[in-house]
Amino acid sequence: MVAQYQLVMHSGPTPGKVFLLEGEVLTIGREAGNNIIINDAEVSRKHTQFVLQGGKMIVSDLGSTNGTFVDGQRLTGQHILQPGQIISLGEQISLLFESVVQVDPNATMMSTGHPPVVPMPFPVAPAPRPAVQAVPSSPVQAPMYAGQVPSSPSSFGTPAPQKAGGSKVAIIIIVLIVLCLLCTCGGVLYYIDSNALWCKLLPFMFSGSACP
């Protein structure tokens with residue numbers, strides 16, 4: 001008899017193992033007399049029974065210690081399984097119930113080549129491409145380089161500090177001017193004093209006895 005359904009172990013001793021449900025009545029348990037043997041401490045010697053009736057798979061618990069669950073609900077009687085449901089034996093073992101896909105050997109095989117080209121009843125003009133609108137480009141500001149003169153007064157930065165050499169020259173010139181003035185004044189005073197010109201220049205400050 002060709003199997004119509006199968007169980008795939010999700011969690012348990014052998015994850016990923018496939019058990020074909022071949023026959024009308026099958027049992028799962030820990031001992032050797034079962035159709036499907038799962039050697040685990042949570043599995044009873046005869047744990048769960050599967051019965052195929054009218055193309056439907058009916059599952060029931062066989063009075064196991066840890067119970068049989070379908071999608072998290074513990075079985076208390078018979079239950080008709082649907083592909084995709086999870087059957088749990090205790091808390092650690094879970095099996096996915098699936099239908100087996102039957103392949104008809106007499107079916108026509110689909111070609112793996114390119115699909116046939118269906119001729120069009122009339123030529124189809126290509127769809128016009130949408131016009132591309134030109135986006136005005138924003139003016140690009142030229143980068144500033146060292147030594148470049150700004151184009152406007154607002155682009156000037158902090159004024160450059162004056163050189164110390166210019167201030168020294170100004171100080172020397174001022175000192176020379178002061179020395180020249182002092183020398184000139186000293187010479188004038190010496191000339192007035194040596195020629196006794198004080199009485200003539202400032203007669204109100206000197207008496208007649210002091211002047212010659």
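**Exercise 1.** Is Thr48 buried or exposed? Work it out for this predicted model, then see what surrounds the residue.

*Solution.* 
- Start with the location: Thr48 sits in strand E5, which covers residues 48-53.
- Now check the relative accessible area. For Thr48 the value is 0%, and buried means under 20%, so Thr48 counts as buried.
- Next, look for polar partners. The Thr48 side chain has a polar contact with the side chain of Thr68, at 2.8 Å.
- Finally, list the neighbours, skipping residues up to four places away in sequence. Thr48 touches Leu26, Thr27, Ile28, Val59, Ser60, Leu62, Thr68 and Leu89.

**Exercise 2.** Find how many aromatic pairs there are, and classify the geometry.

*Solution.* 
- The count comes to one aromatic pair.
- Take the rings of Tyr5 and Phe97: their centres are 4.9 Å apart and their planes meet at 25 degrees. Planes under 30 degrees apart count as stacked, so this pair is stacked.
- Then place both partners. Tyr5 belongs to strand E1 (residues 5-11) and Phe97 to strand E11 (residues 93-99), so the pair ties together parts that are 92 residues apart in sequence.
- Last, check burial. Tyr5 is buried at a relative accessible area of 12%, and Phe97 is buried at 0%.

**Exercise 3.** Which residues form a nonpolar patch on the surface?

*Solution.* 
- Go through the members: Ile171, Ile172, Ile174, Val175, Leu176, Val178, Leu179 and Leu182 make up the patch.

Terms used:
Residues numbered from 1 in each chain as written. Predicted model: local features only at pLDDT ≥ 70, side-chain atom pairs only at ≥ 80, totals over all residues. Heavy atoms only, no water. Patch = residues over 30% accessible without salt bridge, like charges linked within 9 Å, V, L, I, M, F, W, Y side chains within 5 Å. Areas by Shrake-Rupley, 256 points an atom, 1.4 Å probe, with all protein chains shown as cover. Salt bridge = Lys/Arg side-chain N within 4 Å of Asp/Glu carboxyl O. Helix = DSSP H or I, 4+ residues; strand = E, 2+ residues; numbered from the N terminus. Buried < 20%, exposed > 50% of the residue type's maximum accessible area, 1.4 Å probe, protein only. Polar contact = N/O pair within 3.5 Å; in protein donor to acceptor, adjacent residues only side chain to side chain. Contact = heavy atoms within 4.5 Å. Phe/Tyr/Trp six-rings, centres within 6.5 Å; stacked < 30°, edge-to-face > 60°.
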